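Trainee: I am new to this structure. Please take one part of the strand pairing and go through it closely.

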Amino acid sequence: MSLGPILVFDSGVGGLSVVAALRHRLPEAALAYACDNAMLPYGVREDGWLVRRILAVCEAAVAASGCVTLVVACNTASTLALDALRSRLSVPVVGTVPAIKPAAALSRSGHIGLLATSATVARPYTLRLIETFAAHCRVTRVAADALVREAERWLAGETPDAEVVRQALAPLWEDPALDTVVLGCTHFPLLRDVLVAAAPREIAWVDSSEAIARRTAQVAAGVAPHRGPGESFATARDPRLADGLAHFGFAPPQPLRVL
């Protein structure tokens, strides 16, 4: 059996929140990272175009990395293109979905929030998750696309804009009974400390990273051992990206050519 890394893919740096969980659960496994930062953010783009783009980028990244498993650490990409990726690629594909089920089980008040990109909050897939796992709850869906950029800025060493964060979160605080918030974009856990500090009361913040790591551990086979910085790939050159990736154990990004 040939050995290769686990490849984590996202539109930008959000997938690094999943990398942290993967390194905790699979400390001996080699990881690689790929991002389509040339087309960031995904959440505001047209569905048909996105599916074609995600397939092209992931095919290129799988080939370049020689990975044995692909982790799609992006809610938008997963809700749109997971089936197509599994049909097209020869490696196992692990997707990401908003953590609606655990949030509904955790909430004491029965009122939860979903903080995600505009694409994810309106996706039929997301609505089915709510109907299936949170039908007994009130779910406040909040589109917070601006937080994607703030997470990218944070990883580049900049301070997130407090006013942007305040405005993004404001709809969550209209009902004092809301007690649990789903971080439905993998960028958002990178800002967890910022979000906690901006909240007017104590809230449970729930994301999918641990569940993704558990699933990856179940399906990944033939994973190469972790030896030094992992490879990384990006579709656009950004000098700030190398430092952020280095904090998560990756070498400076190589250009990813997408056909």
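Mentor: Strand β7 (residues 180-183) pairs with β8 in the parallel sense, over 3 bridges. Two strands count as paired if DSSP finds at least two bridges between them. Strands (E, at least two residues) and helices (H or I, at least four) are DSSP runs numbered from the N terminus. Within this pair, V181 has W205 of β8 as its bridge partner.

This is a predicted model, in which local features need pLDDT of at least 70, side-chain atom pairs count only at pLDDT 80 or more, and totals for chains, interfaces and linings use all residues. Residues are numbered from 1 along each chain as its sequence is written, and side-chain values use heavy atoms, with hydrogens and water left out.

The pair belongs to an open sheet of 4 strands, ordered β6-β5-β7-β8, with parallel pairing. Its edge strands, β6 (138-143) and β8 (204-206), each pair on one side only. On average, neighbouring strands here are turned by 25° against each other, direction ignored; the axes are lines fitted to C-alpha atoms, and angles run from 0 to 180 degrees between N-to-C directions.

Parallel pairing also involves β1 (residues 6-10), which is joined by 5 bridges to β2 (residues 31-35) and by 4 bridges to β3 (residues 69-72). In β1, 5 of its 5 residues are buried, meaning under 20% relative accessible area (1.4 Å probe, protein chains only). I6, V8 and D10 lie on one side, L7 and F9 on the other.

Methods. Buried means under 20% relative accessible area, exposed over 50%, partly exposed in between (1.4 Å probe, protein chains only).
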